[in-house]
Amino acid sequence: MKQFIVSITTAIVKVIVFVLIVKYVIGIATTAYDFGYRVFAEEPVSAEPGITYTVELSEETTPRQVAEALEDYGLVRDKNIFYVQYLVSSSKGKLMPGNYELSTAMTADEMLEIMSSSYVEEEEDGEE
């Protein structure tokens, strides 16, 4: 009888551990999916016309600092998502120092394009 109770208890503990592991894995997978989805489908913070802020980038400003500043201004919802959007964008490594007018109605891609050298080059090409 004692061996039967030990077997039942062991089986119950194994089932509980398995359920907890499955629940944890599903939670992590859901969080990762939500984060990944937001990286590629994040909407602007507000509808047009939005609120415009002037953001200043210096030579020393890092992309992480840009993400923090944009979150502080309310231009993006999550600095971590913006930073990953920067990393996977064509603007990676192209942020230029300067003052930029950015709006809460802009997407991260639009803001990155404005702050990148590709935007400056397009603007200069258009003036010729």
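**Ser89 and the overall form of a predicted chain**

At 17% relative accessibility, Ser89 counts as buried, where buried means under 20% relative accessible area, exposed over 50% and partly exposed in between, with a 1.4 Å probe and protein chains only. This is a predicted model, in which local features need pLDDT of at least 70 and side-chain atom pairs count only at pLDDT 80 or more, while totals for chains, interfaces and linings use all residues. Residues are numbered from 1 along each chain as its sequence is written, and side-chain values use heavy atoms, with hydrogens and water left out.

Colleague: Which backbone nitrogen does the side chain of Ser89 reach?

Modeller: Ser89 sits in the loop that runs between α3 (79–88) and β2 (98–103); helices (H or I, at least four residues) and strands (E, at least two) are DSSP runs, numbered from the N terminus. From there its side chain reaches, at 3.1 Å, the backbone nitrogen of Ser91.

Colleague: What percentage of the 128 residues of the chain count as buried?

Modeller: The C-alpha atoms fill a box of roughly 90 × 30 × 25 Å along the principal axes. Of the 128 residues in this chain, the share that counts as buried is 23%.

Technical notes:
Polar contact = N/O pair within 3.5 Å; in protein donor to acceptor, adjacent residues only side chain to side chain.
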